[in-house]
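Keep the view open beside you and try each task before reading its solution.

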Amino acid sequence: MLPNFVLIGFMGCGKSSVGRRLSSLTGHRFVDSDDLIVKTEGRSIAAIFDASGEEGFRDVEQRVLADLVGVAGIVLSTGGGAILREANREALKKIGIVVWLDSAPQVLFERAMRSGKRPLLQTGNPRDTFDRLLTSRLSIYETIADFRFDSSHVEQDEVAKKVLDQAMRIQSQRG
Ligand code: S3P
């Protein structure tokens, strides 16, 4: 049986679009933890950050991820900071094969700024904030990922196929 797939990585790495493609390739249900948070709370991510701050947002994120442990047949796309709490890192590893999607910092930055809706980048110097957050998170992504996939030079459509191939190789090595 196909394992679950858990996509982690910084804002703008393409978790949702690759996740949707992986979901069509595998037949697994696509689950986006940010979407679940919005649904659970009945308000936008930005509104949660405004009213409850980052910690309030992280509390909801932790509950949503914990609820997914034990659910089969999913491709899970996580928010970029979902790896910050130890409880989440444990939950994600239990949920499935953890894939770190990465790209060159400049590519991530441009994509992350495009929506204009990411609360953590609404600062006086978004590039500075971005660099600081990225630097502080890289080793965490690396520690919990089963593998890293650099999509900087890969066409979007190819990314999901290549991620699936690599995940299946890992799965078969594990037996
Ligand atoms: C966050 C990333 C966002 C969202 C929230 C916090 C982060 O998700 O969860 O704004 O801490 O990096 P994306 O990675 O999908 O942008």
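Ala, Val, Leu, Ile, Met, Phe, Trp, Tyr, Cys and Pro count as nonpolar, Asp, Glu, Lys and Arg as charged, and the others, Gly among them, as polar. The model is predicted, with local features needing pLDDT of at least 70 and side-chain atom pairs pLDDT 80 or more, while totals for chains, interfaces and linings use all residues. Residues are numbered from 1 along each chain as its sequence is written, and side-chain values use heavy atoms, leaving out hydrogens and water.

**Exercise 1.** Sort the residues of the shell around the ligand into nonpolar, polar and charged.

*Solution.* Start with the shell: there are 13 residues around the ligand, and Lys15, Asp34, Arg58, Arg118 and Arg137 come nearest (a residue is near if one of its heavy atoms lies within 4 Å). Next, sort them: five are nonpolar, three polar and five charged.

**Exercise 2.** Find which atoms lie 2.6 Å from an oxygen atom of the ligand in lysine 15 and in arginine 118.

*Solution.* First, look at lysine 15, where the atom is an N or O of the side chain. Then turn to arginine 118: a polar side-chain atom lies at that distance. Finally, of the 380 Å² of accessible area (Shrake-Rupley method, 1.4 Å probe) that the ligand has on its own, the protein covers 93%.

**Exercise 3.** Work out how arginine 58 and glutamate 61 meet.

*Solution.* Last, check the side chains: arginine 58 and glutamate 61 form a salt bridge, 2.9 Å from N to O (the limit is 4 Å between a side-chain nitrogen of Lys or Arg and a carboxyl oxygen of Asp or Glu).

Conventions. A polar contact is a pair of N or O atoms within 3.5 Å; within protein, one must be able to donate a hydrogen and the other to accept it, and residues adjacent in sequence count only if both atoms are side-chain atoms.
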